Amino acid sequence: MRDLNGADPRQFGPYRTLAVLRGAGTTRSYLARGGDGRTVTVTAAEPRLAAVSVFRSRFRQEVAAARLAGPWALPVLDSAPDDPVPWFASPFTPSLSLAEAVALAGPLPEPVVRVLGAALAETLERTRTAAGGAFQGLGPEVVLLAADGPRISAFGPLGAATAAAEGPGGGLAVTLGYLTPEQVAGHRAGPPADVFVLGTLLAYAATGTNPFDANDAGTDPLDADHAGTDPADADHAGVRPVAGDVSRSAARHRAAERIAHQEPDLASVPEELRPVLARCLAKDPAQRPEPSVLAAVLAPSGAAAAMSAGWLPARLTAALAEQASAVLGLEARKDREEAVPAVPATPTVPDASPAAATGASPASEAGTAGERGTAPARPTTRRVANLDRRALLTGVLSGAAGLALGGGVTAWATDDRSRPAAAKKPAARKPHEPVPGVPPAALWAYDMPDTMLFGSPALHGDVLLVPGDSLVALDVRTGRELWRRKEPLDLAAHPSRVDDELLVVLGVQGLLWRSVKNGARRHKVPYGQLLEAGEDMHSPELVARDGAVVWFRGNVEKAAGTGTKTDGADEKTRTLFAYDVVRREPLWRRPLAENEYLAWAAPHRDLLVSWRDAPRPKDKKERKKRPEGLQEFFALDRASGREVWARTIGGLTDTALLALSGTGTLYASQDKELRAYELLTGRELWRNPHKSPYGACGWPVLTEDTLYVADSGTTVYALDPVSGRQQWSRGTGFLDGTGSPPSVTVSASGATALSFDAVQVTAFATANGERLWKFQAVGEQDGGGLEPYELLTVDGICVVRYGRYFYGVPVE
């Protein structure tokens, strides 16, 4: 940070400049103060480039992209791309660039590298989903480290460029700091190029050197001798590389050759980070991980959760405190000089001489870090504004003593409603109107930190029932807790709707009827009323529900001496019960054979259909021919529990995942394919010819006109349920070829298909498979690995459960 000189502008719109923070290849950043007392960073174009129309157009595009980049990017408070010198303003928070941090403190500790990498990967995933192309905005000078986390201060190739100049025909020639193997070969940079650059950045952060220049200890990876150029790219119309730039310098040519053909030197990288960075730096773009995969590997619960208070080394925290103190001193001095007449509102074009960009110290240059919340309205007096700003900077000073910069910053100076009017602002969106590719903001969030969750949540109209050591009811539209009742529930508890006013829950002691309105108990049936004398039941579990009837099973234990046993041992039998919850009366009970475990059961017309282990053939030859784990389907009469029929179907085994339509078509995922059978006859209707290359498919989900399924490569398929013909397929962009298949559900309107696994929720348009957005409850877990998401949908809302956290997410 340095004082202003005669060539520096004194005003940008409503912001009066106080000091120069740093210079970059195409922009210069200033510390400035608004008329309301707010301290900001103003990033302005280099004056020599402001007259280039392509630069101005690209500047506008990158500022617009910042609004879609997510919480790890600087928020744009204000912008004026049509001013004589284009600029945008962001909230000011003391920070160091990655290059400054490494120069000051050396290689960063592994936990810091993980947080940094996860945050940048999350940003790449978000920008790629939104823009569909390469981001190309990464570099050590534009990645900032603040007390509350890392930030990206550039939003495309212009912001990250090390140099730029007007080219022939009014174009713009830019030089990027990093090359990738595909760029050396002259190909267009796609999203995998960003992963390569991120891998290079993280290796630099972990070792202090570029992995392709490991012998040049301390070499800045953005040094001009190692700079590359961005190949001509139609996505960057008018932005072209400097002609012959790579071949002009032998050093640059050698650097390009190493990137294209030499394996990266990762010997100094912490051992646990080497495999993932090696994948990022693969020569073949197809071998590099998706950004979301990289984020999950580096920080399984998300960057925010992995970042602890005082996440930066003490030397960097002290530097941030020094920076905050310097800004406080500068502001105090400027306050004393307020009598000096104000300069004109329009900035003068400063001198572009090299002397105008000197004087910055890497240890003291200040950056900006974006806040992730919204702010209260601006202070009404200057005195209050100064107090708020002082509180913000004092928070950084506290960081030197080990305190994190937290909620005070989040709630400060980011309210769009109070910011100065910007030139040509984008049209406002209606509340909850989705931005393409950007996750919708949750309407509400609910945390049950002191409650053990049991069983499965259920929807009862607009009421969400959450079973645990307490039974909790939430308003699904607001997330407001309606009531909470202490209830001894079983691990398999599942609330079920009875009518508009009542629900029934399987508890430890019996069936419980409660009012949905206020949770008051209306009725209880102890399990003893369903049992004979001397019997007791344990571990009740809901099997199926259809209308007024619920089927549940439990372990019925008969004490010694009360049954047929004569050896003094207790007799235990798994038993299936059918119960009418409207009339509150038992229908029947059926002891289950050892091979009847009812892992899957579905009501169908007047039957309950399930399967069991197929009987073993008596003939040895027949036993050898039979598939391992062959299952036999059987149907029970709904009214009496009597077995109606039993048969094997299509050689289906216990690995199959099943769905049954109302018309009696059985859909089965097995052996990397989807099959359809006629239930009553066992006749095969079709087999999907598009076998998954990744392994097993997940549970099939049927709507009126479409069958959905996902495979373990996290590709979601939409099929015609009558013919099996594929309508569309689309990947979620996560964990290709590994793990379990995601589950799939469909929104209440039928317009959106939602896949969910242990990593994220992904939304697709059911009409054409377009990937709409992804949702991650980042940072909301207690640690110890990932938990699978659960979803419930009601009109206009998707209720997302992740561990003990619940979110109401708007969905079409």
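I counted 15 aromatic pairs, taking rings of Phe, Tyr and Trp (its six-membered ring) as paired if their centres lie within 6.5 Å, with planes under 30 degrees apart called stacked, over 60 edge-to-face and the rest tilted. The model is predicted, so I kept to pLDDT of at least 70 for local features and 80 or more for side-chain atom pairs, while totals for chains, interfaces and linings use all residues. Residues are numbered from 1 along each chain as its sequence is written, and side-chain values use heavy atoms, without hydrogens and water.

I looked up Tyr527 and Phe552 next: they make a tilted pair, 6.2 Å centre to centre with 50° between the planes. Tyr527 is in the loop between β22 (521-526) and β23 (535-546), and Phe552 is in strand β24 (residues 549-558), 25 residues apart. Strands here are DSSP runs of E, at least two residues, and helices are runs of H or I, at least four, all numbered from the N terminus.

Buried or exposed, what is Phe552? Phe552 is buried at 0% relative accessible area (buried is under 20%, exposed over 50%, partly exposed in between, with a 1.4 Å probe and protein chains only). Phe552 also stacks with Phe577, centres 5.3 Å apart and planes at 15°. Phe577 sits in strand β25 (residues 571-580), so this pair ties together parts 25 residues apart in sequence.

Then I checked helix α7 (residues 191-207): it has 17 residues, and 15 of its 17 residues are buried. Gly208 follows α7, with a positive phi near 85°.

Conventions:
The expected span of a helix is 1.5 Å times one less than its number of residues.
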